[in-house]
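Biologist: I have not looked at this one before. Can you walk me through it?

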Amino acid sequence: QEPRVTYKRVLLKISGEALMGDQGYGLHPPTVNRIAAEVKSVHDLGVEICMVIGGGNIFRGLQGSAQGMERATADYMGMLATVMNALAMQAALEALKIHTRVISAIPMDQVCEPYIRRRAIRHLEKKRVCIFAAGTGNPYFTTDTAATLRANEMGCEAIFKGTKVDGVYDKDPKKHADAKRYDRVSYDEVLQKHLGVMDASAIALARDNHLPIVVFSLDEPGGFRGILAGDGTYTLVA
Ligand code: UDP
């Protein structure tokens with residue numbers, strides 16, 4: 001029997017690739033709108049929502065450095081990609097009449113708000129969805145680490161990591177028919193067995209601050225709301 005998961009404030013982390021649909025690159029508006037509708041359904045429950053969206057659908061730092069670009073420069077390009085994704089999500093949420101703020105770790109005042117912790121908390125209290133963009137603002141990090149950092153700073157009770165599968169498996173369930181899903185797994189087991197939930201620095205930061213990670217499928221319609229309302233399939237990393 002799984003514990004009932006009911007939270008007042010959560011952070012939803014999705015990869016940039018979650019926004020590209022079946023395309024190989026960029027943004028797929030119907031997919032962005034579908035995810036925005038999932039977020040709205042949770043917002044309608046009264047849950048305060050933070051979001052962090054990756055940038056891998058547009059640019060990844062490692063890809064740039066593999067092509068000979070200096071790593072830090074390539075990482076800044078990756079961070080800028082996350083700002084584009086955040087703006088697309090903001091537009092989709094606002095079309096659903098959800099008030100949002102895009103809050104960037106790298107100030108760009110004409111485009112979105114700079115990150116000011118206490119101001120962001122105030123937005124959440126006013127039920128505005130806060131989309132944190134530009135990762136941590138530092139090269140050599142990922143948006144998984146940014147998600148864990150912001151979730152801690154905002155006092156979120158959990159990170160919801162939306163993926164293509166309904167939890168954490170002992171091996172890739174898309175390749176192995178006998179892959180086994182964990183209902184619950186510890187941070188240390190995720191690290192030791194390289195279970196690929198998030199990168200190691202993000203997992204360690206969550207562990208050190210006792211921040212649970214709920215891994216669930218973003219492809220399952222109503223899945224995000226279902227888990228917050230107390231049912232559905234997921235893995236709890238705690
Ligand atoms: N990035 C960074 N610092 C951060 C967050 C992101 O340098 O704090 C860069 C990094 O180059 C990364 C890119 O932004 O490859 C896109 O983020 P990520 O790969 O985490 O996106 P996702 O895989 O979730 O789509």
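This is a predicted model: local features need pLDDT of at least 70, side-chain atom pairs count only at pLDDT 80 or more; totals for chains, interfaces and linings use all residues.

Biologist: How many residues does helix α1 have?

Modeller: Helix α1 runs over residues 29-43 and has 15 residues. From first C-alpha to last it reaches 21 Å, close to the expected 21 Å; the expected span is 1.5 Å times one less than the number of residues. Helices (H or I, at least four residues) and strands (E, at least two) are DSSP runs, numbered from the N terminus.

Biologist: Which residues in α1 are buried?

Modeller: Val32, Ile35, Ala36, Val39, Val42 and His43. They lie on the same side of α1, because they cover an arc of only 110° around the axis. That arc is of the directions from the helix axis to the C-beta atoms. A residue is buried if 20 or more other C-beta atoms lie within 10 Å of its own, exposed if 12 or fewer, and partly exposed in between, with C-beta atoms placed from the backbone.

Biologist: And what covers the buried residues of α1?

Modeller: The cover includes β1 (9-14), β2 (48-53), α3 (71-95), β5 and α8 (223-228). Contact here is two C-beta atoms, placed from the backbone, within 7 Å.

Biologist: Changing topic. Which residues come nearest to the ligand?

Modeller: Gly54, Gly56, Gly61, Gly78 and Gly135, out of 23 residues around the ligand. A residue is near if its C-beta atom, placed from the backbone, lies within 6 Å of the molecule. Two or more shell residues come from each of α2 (61-66), α3 and α5. Helix α3 gives the most, with five.

Biologist: How do the shell residues divide into nonpolar, polar and charged?

Modeller: Six are nonpolar, 13 polar and four charged. Ala, Val, Leu, Ile, Met, Phe, Trp, Tyr, Cys and Pro count as nonpolar, Asp, Glu, Lys and Arg as charged, and the others, Gly among them, as polar.

Biologist: Where does UniProt place its "binding site" feature?

Modeller: The unreviewed UniProt entry puts it at Gly55, Asp75, Thr136, Gly137, Asn138, Pro139, Tyr140, Phe141, Thr142 and Thr143. These span 89 residues in sequence, yet no two of their C-alpha atoms are more than 14.2 Å apart, so they gather at one spot. UniProt positions are in the numbering used here, feature names are shortened, and annotations may be inferred rather than shown by experiment.

Biologist: What does aspartate 75 touch?

Modeller: Aspartate 75, in helix α3, touches Gly61, Pro139 and Tyr140, not counting residues up to four places away in sequence. Its C-alpha atom is 6.9 Å from that of tyrosine 140, 65 residues apart along the chain.

Biologist: Is threonine 142 buried or exposed?

Modeller: Threonine 142 is buried, because 22 other C-beta atoms lie within 10 Å. It sits in the loop between β5 and α5.

Biologist: Last topic, backbone angles. What is phi of alanine 134?

Modeller: Near 65°, a positive value in a residue other than glycine. Alanine 134 counts as buried, because it has 27 C-beta neighbours inside 10 Å.

Biologist: And what is phi of histidine 210?

Modeller: Near 55°, also positive. Histidine 210 is in the loop between α7 (200-208) and β8 (213-217), and is exposed, with 9 other C-beta atoms within 10 Å.

Definitions and conventions: Residues are numbered from 1 along each chain as its sequence is written.
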